[in-house]
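Please take a look at the sequence and the 3D structure below.

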Amino acid sequence: MTDHRRYVLQTIEDKDVRFIRLWFSDVLGRLKSVAIVPAELESAFDEGIGFDGSSVEGFARIYESDMVLKPDASTFELLPWRGGDDPTGRIFCDINTPEGVPASADSRQVLKRTMEKAAQMGFTFYVHPEIEFYLFKSGELNGQPPVPVDTAGYFDHVNGGTANDFRRAAVQMLEEMGISVEFSHHEGGPGQNEIDLRYADGLTMADHVQTFKTVIKEVALERGVYASFMPKPLADEPGNGMHTHMSLFEGDDNAFYEPGARYQLSKIGRQFVAGILKHAPEFCAVTNQYVNSYKRLWTGHEAPSFICWGHRNRSALVRVPQYKSGKSSSARIEYRGMDSSANPYLAYSVLLTAGLKGIEEEYVLPLEAEDDVWQLSNNERRALGIEPLPSSLSHAVHNMEHSELVAETLGEEVFDYFLKNKRDEWSQYRAQVTQFELSRHFNSL
């Protein structure tokens, strides 16, 4: 028995845990859960728990529906909101076939596979996300726009405000679950908040992001408000981004750090950025997976729309943040395109693969964008070689369809299902008659 398993079983006994929730995610990143009693856990560790994969979006076809959940003991935590008379733990699971082979439709396995490729190249992949979300007075719309809980703005302190108390409760709950938080503050939109998680390896962080979203939803329920990670819930306000800081380490050394280099960014770091920039149009459907995502990208409010990099330029898709003097571990890059609705397992996989491709093929980093690219004319951007990101989900899906890099990263089953789902979403969206059309044309045509 491994040390992790021994710890989990002992903790369950010591804390009188009544239920264990086994968590996993579908291809779109939606969290799934099944509960077992403690007496079944040891068997679950050894043999897994069977379930019907054909009932979960993107997991299996009817004739190959049997799947097995294999709990990862290292991810065990108690759920702070399920204490009292029925203490409950949760464990993330990998998904296997009945033959014990990792399921090709498991997005957690996609990230494991991608990180193993990085490891074979001598790298460990670390990430640190800044996760934005809105708090609304209710989740019921009744045909009206959602109503934020406050009218505060960026970094505002509202005495006794809902957001202050909410963030405090959320951070405490995250810390109880072993998730370290660096910062929390009010963001630019009314009712909009941001919580930044401390660095962790890519797989651990993807699990943390899934846990984070659940914690935020639970704290909102407790406080009678509604939390939304929708990319653009309010037409005239900023969208919900998930700016993601990334670095590669070779053992204890930051592979992105080079003293004396421009911004202390090493050759490996520059090649990594070049890989992300080159392949961004191909993986954009993964990091920005909904119709609504492109309303965040193309309506300003510091959301990036063009493929370029910069240092202090917040209009750039990739930013090289200020290096902290004397702290080589802080050298990193920031990808600003991703939104909070992304499946973190798949999003981290395509970002990492694109960066590694840049290293493998020694891509050359284009010139830095020093100006606000939003303010440049189309001719000026073209002259600088700055191309736009996809302008719609349809455009992004078209690019992804022709991408060998994304297909190889996701694997055939995830790639095919993801494209089918996104084509269906675009088709349904395109068929809608919107209030905009009715207001603009109904009485004039």
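UniProt positions follow the numbering used here, feature names are shortened, and annotations may be inferred rather than shown by experiment. The unreviewed UniProt entry marks Glu-130, Glu-132, Glu-187, Glu-194, His-243 and Glu-334 as "binding site". Of these residues, Glu-130, Glu-132, Glu-187, Glu-194, His-243 and Glu-334 are included in the lining of the second largest pocket. Glu-132 sits in strand β7 (residues 124-136).

This is a predicted model: local features need pLDDT of at least 70, side-chain atom pairs count only at pLDDT 80 or more, and totals for chains, interfaces and linings use all residues. Numbering starts from 1 along each chain as its sequence is written, and side-chain values use heavy atoms, without hydrogens and water.

Now the helices (DSSP runs of H or I, at least four residues; strands are E, at least two; both numbered from the N terminus). The axes (lines fitted to C-alpha atoms over the stretch in contact, with angles from 0 to 180 degrees between N-to-C directions) of α5 and α8 come within 9 Å and cross at roughly 145°. Contact means heavy atoms within 4.5 Å.

| Helix | Residues in contact |
|---|---|
| α5 (residues 202-222) | Gly-202, Leu-203, Met-205, Ala-206, Asp-207, Val-209, Gln-210 |
| α8 (residues 344-360) | Pro-344, Tyr-345, Tyr-348 |

By class, this contact of α5 with α8 has seven nonpolar, two polar and one charged residues. Nonpolar means Ala, Val, Leu, Ile, Met, Phe, Trp, Tyr, Cys and Pro; charged means Asp, Glu, Lys and Arg; the others, Gly among them, are polar.

Key. 1 Å grid on protein atoms, 1.4 Å probe; cavity = no way out; pocket = protein on both sides within 12 Å on 5 of 7 lines; lining within 4 Å.
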